[in-house]
Structure formats: structure tokens, C-alpha cells
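Please keep the 3D view open as you read.

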Amino acid sequence: MVNAKARARAVYGPDSNFHATEIKRRDLDTHDVLIEIKYAGICHSDIHTAHGEWGPVHYPLVPGHEIAGIVKEVGSEVSKYEVGDRVGVGCMVDSCGECENCQNGEEQYCLKGMVGTYAGTDRYGEPTQGGYSTHIVVHEDFVLRIPDNIGLDAAAPLLCAGITTYSPLNHWKASEGKKVAIIGMGGLGHMAVQIANAMGAEVTVLSQTLNKKEDGLKLGATHYYATSDESTFEQLPKTFDLIINTVSANLQLDDYLNLLTLDGTIVNVGAPAEPISLRVANLIGHRRSFAGSAIGGIRETQEMLDFCSEHNIKPQIEMISADQIDEAYERVLASDVKYRFVINTSTM
């Protein structure tokens with residue numbers, strides 16, 4: 001395979017719409033896998049990056065880090081995958097592999113910086129381009145195996161929305177006897193509800209309105225409250241062992257800290273663009289913690305896929321064609337999606 005060409009959709013600046021283009025994928029190195037992408041999820045991070053909201057971006061940019069497809073070719077020393085395997089790629093495609101974090105299976109926290117699936121720079125000095133395309137070349141160590149009972153279309157969002165919520169729920173030990181609240185009922189939130197429920201926790205959704213209450217209860221929540229209703233915060237003080245905040249809005253954090261029990265923790269997986277503030281006294285008073293969490297490492301991501309397979313956990317998706325990406329971005333920003341857009345890459 002020499003410089004495989006892939007059809008793709010790219011933006012050419014922070015205010016650009018998406019345009020059809022063709023990109024080159026690198027030659028297969030000895031441990032590389034060529035994947036024919038079947039489906040790619042749309043993550044809010046894609047929008048932030050495409051719009052240049054998280055720092056300088058090398059344009060043209062092909063976003064997409066929720067990737068599911070089929071192995072089409074493997075390098076001469078690949079041992080983990082064969083042609084025809086059902087595989088996925090998440091938010092990273094490389095790391096140093098040598099630092100303490102990488103050695104411990106926490107490549108997402110690589111001390112030299114993990115290589116993002118897009119908007120990064122690969123080991124050959126070239127900018128990485130993501131999953132809004134027909135093919136991608138990835139080192140085998142950063143490829144995931146998709147269980148047979150998960151459709152490729154449903155698998156794609158698990159590679160970001162799934163692992164981003166599974167990792168903190170796993171790390172902070174959501175389990176039977178624990179009361180867990182999920183802030184937000186969007187792409188991340190609806191996954192967190194299912195995963196926390198499957199782990200055995202009693203799950204509560206804290207959403208701005210009750211518009212999605214029926215969905216939340218069907219997916220595994222026991223309780224559902226509107227945060228726009230001031231009485232919610234009066235009813236729930238000192239209730240939750242763990243709160244996962246999936247939204248990127250700048251919340252009144254002290255209101256939520258007061259909902260934690262002794263030793264309770266709020267974990268942010270949403271990343272507000274603006275600084276946030278809180279009263280330290282609300283941490284000190286009940287030995288509470290405020291924390292953050294990124295995605296999981298490759299080992300934990302595979303664990304998440306297997307967990308979702310075992311418990312029949314799947315994202316709720318809306319399939320779109322490549323020429324609907326701009327419209328999908330607008331709808332994500334308007335919170336008009338239940339709950340994840342997935343691009344059928346055959347329409348590239």
C-alpha cells in the first residue's frame with residue numbers, strides 16, 4: 001500500500017463549512033493497520049476544535065475521533081489484528097510508550113503528550129487527520145477490537161462518549177450501594193446513565209429541564225430532576241457519593257458541591273471554555289473533592305467495549321450523510337440531537 005487516498009470532509013478555517021476533499025494516508029509501517037472506516041461519530045470536541053476554540057489549528061482539518069470500521073491491510077509485523085477484523089479508533093493514535101503513565105496503561109496522560117487522532121502531529125512529523133473520511137492508518141497498539149454483538153454504527157460513539165464516562169465511573173468506583181448523579185442528558189450523559197446503572201449504582205439525572213426524563217428513566221436512571229427548578233437543590237443536599245458533570249457550561253459549582261455526601265466527589269468530563277469558581281469552604285466542610293477526567297487508556301477502552309457488550313449498552317444514534325455535517329454541528333450546538341450523530345462514511 002503506497003499513500004492510500006481517502007475521501008474526506010474538511011474545514012479550511014474556524015468559520016468554514018465542510019468541503020469534500022481527498023487526503024493521503026501514510027504508507028503502512030511494520031506495525032500499522034489500514035482501516036476502512038464505516039462510521040464516524042460527531043463529538044462536541046470536534047466542533048470546538050474545528051472552530052479553533054481550543055487553540056491554534058492546522059487547517060485544513062478533518063475531525064473525528066469516534067471511528068468504527070474493518071481492517072483492510074496490516075503491516076508485516078502486526079500481531080493483534082487480521083484483515084476483516086471489526087475495529088475502532090478513539091481519541092488518540094499514539095504516545096511515547098515509554099513514560100510511567102504509558103507503561104501503566106494510561107496513554108491518555110502520556111507525559112510527553114499523547115497524539116490526538118486529529119489536530120495532532122504524528123511520529124513522522126505530519127498532522128493527524130480524523131475519522132470524517134473513508135480510511136485511516138493507525139499503529140496496532142491504538143486500535144480497539146469491537147465485540148461482535150455491537151453494531152459498527154453503535155460502536156463509533158463508544159470510542160469517546162463511552163470511554164469518557166466509563167473511565168471516571170470506574171476510577172471512582174460507581175457500584176452497588178453508591179448514589180451517582182449525572183449532570184446533563186446529552187451524548188455523554190446518556191452513556192453515563194447506562195454505564196452507572198450497569199455498574200449497580202443508583203442513578204439520578206440532573207438536567208436543565210424535564211424534557212428528556214422519559215428517556216433517562218428508560219436508560220436506567222431512578223430519579224430525574226430539573227436544575228432550572230430551585231427546589232431541586234433544596235431537596236437533595238448531601239445526597240450523592242459521586243457526580244459526573246458531562247456539560248461544558250459554566251455552572252454554579254457550589255450548588256452542586258452541596259449535593260455531595262461526606263467524601264463525595266464531582267468529576268468534570270465537560271470542559272468549559274471559561275474559568276470556573278467555587279467556595280473552598282464547600283470542599284473543606286465535608287471533605288469533598290472536585291476532580292477532572294479525560295478519556296481512558298487503550299486497556300481501559302477495550303474493557304469498556306467488553307463491558308458494553310456484556311450489558312447490552314449502546315448509544316442512541318441518528319445516522320447522517322457526509323453532506324449533513326454542517327447541519328449536525330448546528331443541531332449539536334442547539335442541543336437538538338438524541339443523542340449522537342453518526343456519519344455513514346460511504347456517503348463521503
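Leaving aside residues up to four places away in sequence, H65 touches C43, S45, D46, V89, G90, C91, T117, Y118, L159 and C160, where a contact means heavy atoms within 4.5 Å. This is a predicted model, in which local features need pLDDT of at least 70 and side-chain atom pairs count only at pLDDT 80 or more, while totals for chains, interfaces and linings use all residues. Residues are numbered from 1 along each chain as its sequence is written, and side-chain values use heavy atoms, with hydrogens and water left out.

H65 sits in the loop between α1 and β4; helices (H or I, at least four residues) and strands (E, at least two) are DSSP runs, numbered from the N terminus. Is H65 buried or exposed? With a relative accessible area of 7%, H65 is buried, a word that stands for under 20% relative accessible area, with exposed for over 50% and partly exposed for what lies in between (1.4 Å probe, protein chains only). From the C-alpha atom of H65 to that of S248, 183 residues apart along the chain, the separation is 18 Å.

## Helix α4 and its cover

Let us turn to a helix. Eight of the 10 residues of α4 (residues 189-198) are buried, so this helix is largely enclosed by the rest of the structure. The buried residues are G189, H190, M191, A192, V193, Q194, I195 and A196. What covers them includes α3, β10 (179-183), β11 (202-207), α5 (213-219) and α9. After α4 comes G200, with a positive phi near 105°.

## Where α3 meets α9

Two packed helices are described by the angle between their axes and the distance between the axes. For α3 and α9, the axes come within 9 Å and cross at roughly 100°. That makes α3 roughly perpendicular to α9, the term for angles of 65 to 115 degrees; angles under 35 count as roughly parallel, over 145 as roughly antiparallel and the rest as oblique. The axes are lines fitted to C-alpha atoms, for helices over the stretch in contact, and angles run from 0 to 180 degrees between N-to-C directions.

Which residues make this contact? From α3 come L158, L159, G162, I163, Y166, S167 and N170, and they meet E300, T301, E303, M304, L305, F307 and C308 in α9. By class, the contact of α3 with α9 has eight nonpolar, four polar and two charged residues. Here Ala, Val, Leu, Ile, Met, Phe, Trp, Tyr, Cys and Pro count as nonpolar, Asp, Glu, Lys and Arg as charged, and the others, Gly among them, as polar.

## Cavities and a pocket

How many cavities of 30 Å³ or more does the structure hold? There are two. On a 1 Å grid over the protein atoms alone, a cavity is a set of points where a 1.4 Å probe fits but cannot get out, while a pocket is an open set with protein on both sides within 12 Å along at least five of seven lines; lining residues have an atom within 4 Å of a point. Grid points are joined across faces, edges and corners, and a volume is the space filled by probe spheres set on the points.

The largest cavity holds about 60 Å³, and its lining consists of G90, C91, M92, F142, L144, L159, I163, I295, G296, G297, I298 and T301. The elements giving two or more residues to this lining are α3 (152-171) and α9 (298-311). The second largest cavity, of about 40 Å³, is lined by N245, A249, L251, L253, N268, P272 and I276.

Of its 31 lining residues, K24, R26, D122, E126 and P127 are the closest to its centre. Its lining divides into 12 nonpolar, eight polar and 11 charged residues.

## Backbone details

A cis peptide bond joins Y59 and P60, with omega about 0°, and P60 lies in the loop between α1 (44-50) and β4 (67-74). Another cis peptide bond links K338 and Y339, where omega is about -5°.

D263, in strand β14 (residues 260-268), has a positive phi of about 70° although it is not a glycine.
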